[in-house]
Amino acid sequence: MGGSFRNNVTMNKIVEIIESFKRKRFSGGVELAVIAKAEQELKLTFADDFKVVLLNYGFLNAKGEEFLGIDTTNYDVVKATKKARAADVAFPDDVYVVENCAIDGLLLVQRTTGEVASYQRGGALQQVAANLSDYLSSL
């Protein structure tokens, strides 16, 4: 991971939080080149903490939450974000889907700047955490 991330302390924090969960499932980390390709396809840059999750875990299921990975059949951030964009012209360009809550079309999204929010089709973003580490800590 090294110098490609803005704040290594924050990045270590998210790994510590995830590792503290007694029960978790994950698909396995993906390489930076795969992450870069996904960012290019979505025409945005993932927040650093999401990149750390992708690098270390890929798809992640923890505390009943299913965080999307890359190149997974049903849990792919690129597919989910493209689907949300196609279904809703108001879907913001600077966010990507990190979890489909599967309740009334509710999505958990993250801004490229790191903030985590809930989003429902045609609605506004409702911030739920300053970053993914804080969101995971609240589970």
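These legends describe close-up views of a predicted model.

View 1. Helix α4 covers residues 77-87, and V77, V78, T81 and A84 are its buried residues. Seen down the helix axis, these buried residues fall within an arc of 135 degrees, so they line one face of α4. K79, K83 and A86 lie on the other side of α4 and are exposed. The cover over the buried residues of α4 includes the helices α2 (32-42) and α3 (48-56), together with β4 (95-100) and β5 (107-111).

View 2. D76 caps the N-terminal end of α4, with a side-chain oxygen 2.8 Å from the backbone nitrogen of V78. The loop between β3 (65-67) and α4 contains T73. T73 has a relative accessible area of 67% and is exposed.

**View 3. The ring pair of F46 and Y96.** The whole structure holds 7 aromatic pairs. In the pair of F46 and Y96, the ring centres are 4.7 Å apart and the planes stand at 70 degrees, so the pair is edge-to-face. F46 is in the loop between α2 and α3 and Y96 is in strand β4, so the pair ties together parts 50 residues apart in sequence. F46 is buried, at a relative accessible area of 0%, and Y96 is buried at 0% as well.

**View 4. The ring pair of F67 and Y135.** The ring centres of F67 and Y135 are 6.2 Å apart and their planes are at 80 degrees, so this pair is edge-to-face. Because F67 lies in strand β3 and Y135 in helix α5 (residues 132-137), the pair ties together parts 68 residues apart in sequence. Both F67 and Y135 are buried.

How values were computed: Residues numbered from 1 in each chain as written. Heavy atoms only, no water. Buried < 20%, exposed > 50% of the residue type's maximum accessible area, 1.4 Å probe, protein only. Helix = DSSP H or I, 4+ residues; strand = E, 2+ residues; numbered from the N terminus. Arc of directions from axis to C-beta. Contact = heavy atoms within 4.5 Å. Polar contact = N/O pair within 3.5 Å; in protein donor to acceptor, adjacent residues only side chain to side chain. Phe/Tyr/Trp six-rings, centres within 6.5 Å; stacked < 30°, edge-to-face > 60°.
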